[in-house]
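Please keep the sequence and the coordinates in view while reading.

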Amino acid sequence: MTGQEYVFAVLALVGTISAIRLVTAKNVVHAALYLVVTLSVVGGVYLLLAAEFVGWVQILIYVGAIVILFLFGLMLTRAPIGREALDNQQRGIAFLIGLGILGGLVYLIQGAFSWSGPRLRPSVGTTAQLGQSLFRQWVLPFEAVSFLLLAALIGAVVLSRRDDRP
Amino acid sequence: MLSEYLPIAVLATLAVLFGVASLGVSALLRPNRPTRAKLAPYECGIEPARLPAGERFPVKFYVVAMLFIIFDIETIFLFPWAVGFRQLGLFGLAEMAVFIALVFVAYVYVWKSGGLDWREPAPRRAAAAPPTALEPEAREVVRAG
Amino acid sequence: MLAQFLIHPPIQLGPIGPELVLTGTAIVVLLGAAFNPRIGHSTLLLVSLLGLAGAALVSIGLWDWGGELTVLAGMVATDRFAVVARLILLGIAAMGLVYGYHYFRRSGEARAEFYPLVLFATAGMTLIAAAADLILVFLALEILSLSLYVLTGISARLSSVEGSMKYFLLGAFSSAFFLYGVAMAYGATGSTRLSAIAHALAGQTGSLGLALAAVAFLGIGFGFKVAAVPFHMWTPDVYQGAPTPVTAFMAAGTKVAAFAALIRVLETSFQPLTLDWTPLVWTIAAVTVVAGSLIAIAQTDIKRMLAYSSIAHAGFVLIALTAAGQDGISAALFYLLAYALMVLGAFGVVMLVSARGEGRTSLASYAGLYRRSRLLAGLLTLFLLSLAGIPPTAGFIAKVNVFRAAVAAGHWPLVLVGVLASVVAAFFYIRVMVLMYMQEPQDDAEPDRSPWPRVAVAVPAVLTLLFGVFPGIVLGVLDKAAILRW
C-alpha cells in the first residue's frame, strides 16, 4: 500500500463511522456535529484525489457554513432536539433501500472502473488550473451561479420578512 | 502534490498532541475542587441565561446566516480568479465584475428592504429572560448553540 | 490590445440575449421596488411585461441564427427548438404576471418581489430550454425551482407556506437525484456536454452501466419537475396551496421548461441509448396517464382536480417522447403549447371565481356558475373541453398528434392506454360542466367582475380555439423547430 492508500483507509474508516453515527445519533445537535466530521473527511478524500480546491471549498463552505446554518435552524425553529423527534417507523425499509443503493453503486462503479484506481493528474485540481477552466470554459455557469445566489437571497428575505409584521 | 500537505499534517498532529497532552497532564496534576462558579460555561462572569419557553430566536438571525453563506461562496470564487489573475487578464476581470455586481445587487436589495434592520417592530414579549443560571437543560441549550 | 483580451475565448452573447434581457429587467424591477417602496405595482407590471416583450423579440431574432450550433464553450444551443420553447415560456410568464397583479391587489397581499421572482423563474425556464450542458441544465433548474418555492409561499396563508415547504423538500430531493445523474453521466463519458456525451455513447467508449444509471437518475429528477407518476406526490398540495396565479404560472411554465430540457437531454446526449430508455419512458407514461386520470375523479377541489389533470397531461407528453425523432418532438411541442394555454385559462377562471384570495375552490361552489356569469362558465367549459381533448379545441389536435406519432413509432398499446385514460378523464371534466349548467347555485357569492382580468383569460381561450380549428398556423413552425441541432 502506498502512503496515499493508508491515508484513504483512515479517512474511510473515520468517515464511515461518523456517517453511521450521524444517522443513528439520538440528538440532532450531535448529529450535526457528526456531519462536521463526515464532511471534513469527504474534503480530505477530495484532497487525496488531487482535487485541492474542491477539498478546501468542501471544508470552508460545508463545514464552516452549512452545518452552522443547520444549528441556527435548530435554534430558530425550536425543533425538538431530543430522541423522540428523530425516530420513525421506516427504519427497516430505509436500511434495506440504503443497502440496495450501496450495492448498486458498488456494482456500477466497479463495472465502469474495474478496481483500477482513477488516474490522478495532480496539476488538474489546483486552484490555478481550476480558475483557468472556470473563467474560460465555464463562463456562463459561473455567472448563472451568481444569479442563483441572488434568487436564493431574495427568497430568504421574502419568506422571512413576513415574520416581522405583527 | 500530497507531499506538500505533509508539513500541514505534521503541524495538525502536533497541535492535537499538544492539546491532549496539556489537558491530560493538568488533569493528573491539578487539585480537583469544583464549585458552581467554576462549572459555569463562561468563566468570565456571564451567567448563562435560559431560553425563555415559547420564545424563538428572531428569524433575522437566519437571514444574516444566509447572507453569510452567500458571501462566503462568493469569496470562494475569488480564489481561483485571484490565483490566475494575470493569465485571465481583462476578460477574467470583467467576468468577476459581473459576478460581484450581481451579488452586490443582492446586498443592496437586502439592505434597502430592511433585512439588515435590527430593530424589532413589535416585541412579542417584553420581559427579559429570567436569569435561572445553571439549570441542567439551560446549560444544554446554551452549549448546543 | 483590449480586443485581444476580449476575443479569447470568443464570446457570443446573442444566443443568451433573452436571458440577459430577463435578468436585467428583473434586477431593475427588484431594485426599483427596493429603493422606492411606494412605487405603483402597475409600473412594476409594465416594466416586467416590457422585459418579457424584449426577450421575445430577441428570441425571434435568433430564429435564423446562422452561427455555430452551440455557443459559449458549448453551453447554449442555438437551434429553433430553443426559440420556440422560449416564446411559449415568455407568453406563460406574461399571463402569470397579469394574473398575479390582479390577484394580489384584490387579496391585499401585494408584494413587490412577485414581479422579479417571476422574471427570475422565467429566466431559469428559458435558459433550461437552450442549455446544452448538464451543469447548465442543473443551474437553470435550480434558478427556476428556487424562485417557484418562494412564489408558492409568498402568501401568508398556512396552506401556501405548507405547499412551499413540501415543494422545497421534495424539489431539493429531486435536485439531488438530478445532480447524481449528472455525476454518473460524467463518470460514464468524461463530459457533461450533451454533444460530447452523445459522441462517447455512440462510439461506445464510455461505461454503458453508468450511462444507464445516469439516464435513470436524470429521469427521476425530471420526473419530479414534470410531475410524472410516481414522482407526483407534491403536485396537488403545491398547486392547491400556492396562490392561483402562481399555480397557473408554475403548472404551465415548469412543465414546458422541464419537458424542453428532458427532450433535449434524451434526444441528443442519450440518443444512442434510445432503445434503452424508451421502455422506461413508455412505462412511466402509461402509469402517469392512468393514475392522473383515475385519482382526479376522487377530487372535490378544483385546484386539486386540475393538479391531477396536469399529472395526466405530463403522461401524454411522455407518450409523445416514446416516438423519438422529429414527429415526436413536434407533437410534444404542440401538446405543451396547447396544455399551457388551457391550464393558464382554467386557473385564470378559478382565480376569478374565487373573487378574492383563495375562497370557493371546492367543486360545489361551481354549481350554477352559468347563472352567475355566463362568460366565466363559457370560458371554463372551453378549457375543460380542451383538457379533455374534445374538438374543436387545441387539446384535441394535440392528443391526435401525440397518438399519431406514437402509433407511427409502433407504440399502439400505449396509445390504447392513453385513449382509455382520456375517456376516464373526460368524465371528471364533464362533471364540472354539469355542475355549472344544470345545478342551482348554492350561495349567492359573486365572482370577480373586473373587466381586464376577463380579457386576460379570454386570450388563451381565443388561442385554444384558433389552434384547434387552424392548427396549421403553428404546426409548420413547430415542425421546423422540432430538429435539435447540436
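Helix 9 of chain C is largely enclosed by the rest of the structure, because 14 of its 19 residues are buried. The length of helix 9 of chain C fits its residue count: at 1.5 Å a residue, its 19 residues should span 27 Å, and the end C-alpha atoms are 26 Å apart, which agrees. Directly after helix 9 of chain C comes Ala227(C), and the phi of Ala227(C) is positive, near 60 degrees.

Helix 9 of chain C, residues 208-226, also takes part in the contact with chain A, supplying at least two residues of the side of chain C that touches chain A. In that contact, 32 residues of chain C meet 19 residues of chain A. Besides helix 9, the elements of chain C that each supply at least two residues to this side are helix 2 (17-35), helix 5 (114-130), helix 6 (134-152) and helix 7 (158-189). Helix 6 of chain C gives the most, with 10 residues. By class, the side of chain C that touches chain A consists of 23 nonpolar, 6 polar and 3 charged residues.

Chain A has a further contact, with chain B. Here 43 residues come from chain A and 41 residues from chain B. On the side of chain A that touches chain B, at least two residues each come from helix 2 (28-48), helix 3 (52-77), helix 5 (127-136) and helix 6 (139-161) of chain A. Helix 6 of chain A gives the most to this side, with 14 residues. The residues of chain A on this side comprise 31 nonpolar, 6 polar and 6 charged ones.

Of its 23 residues, 20 are buried, and the helix is mostly covered. From its first C-alpha to its last, helix 6 of chain A reaches 34 Å, close to the 33 Å expected at 1.5 Å a residue.

Leaving aside residues up to four places away in sequence, Tyr335(C) touches Phe316(C), Val317(C), Ala320(C), Ala398(C) and Val402(C).

Thr244(C) lies in helix 11 of chain C, which covers residues 244-269. Why does Thr244(C) count as buried? Thr244(C) has 25 C-beta neighbours inside 10 Å, and a residue is buried if 20 or more other C-beta atoms lie within that distance of its own. Not counting residues up to four places away in sequence, Thr244(C) touches Tyr103(C), Phe347(C), Val350(C), Met351(C), Ser354(C) and Glu358(C). Thr244(C) and Phe222(C) are 22 residues apart along the chain, and their C-alpha atoms are separated by 24 Å.

Chain B has 5 helices and 0 strands, in the order α-α-α-α-α along the sequence. Of the 145 residues in chain B, 14% are buried. Among contacts in chain B between residues at least 6 apart in sequence, 73% join residues at least 24 apart. Tyr42(B) sits in the loop between helix 2 (36-39) and helix 3 (60-83) of chain B. Tyr42(B) is exposed, because 9 other C-beta atoms lie within 10 Å of its own, and a residue is exposed if there are 12 or fewer. The C-alpha atoms of Tyr42(B) and Val10(B), which are 32 residues apart along the chain, are separated by 32 Å.

Last comes the confidence of the prediction. The model scores ipTM 0.90 and pTM 0.90. Chain C has a mean pLDDT of 91, with 98% of its residues at 70 or more. Over residues 1-7 of chain C, however, pLDDT stays under 50, and the model has 6 contacts beyond four places in sequence for them. Where pLDDT is low, the predicted coordinates should not be read in detail.

Key:
Residues are numbered from 1 along each chain as its sequence is written. Chains are lettered from A and ligands numbered from 1 in the order in which they are written. This is a predicted model: local features need pLDDT of at least 70, side-chain atom pairs count only at pLDDT 80 or more; totals for chains, interfaces and linings use all residues. Two residues are in contact if their C-beta atoms, placed from the backbone, lie within 7 Å. Helices (H or I, at least four residues) and strands (E, at least two) are DSSP runs, numbered from the N terminus. Ala, Val, Leu, Ile, Met, Phe, Trp, Tyr, Cys and Pro count as nonpolar, Asp, Glu, Lys and Arg as charged, and the others, Gly among them, as polar. pLDDT is the predictor's confidence in each residue, from 0 to 100. The expected span of a helix is 1.5 Å times one less than its number of residues.
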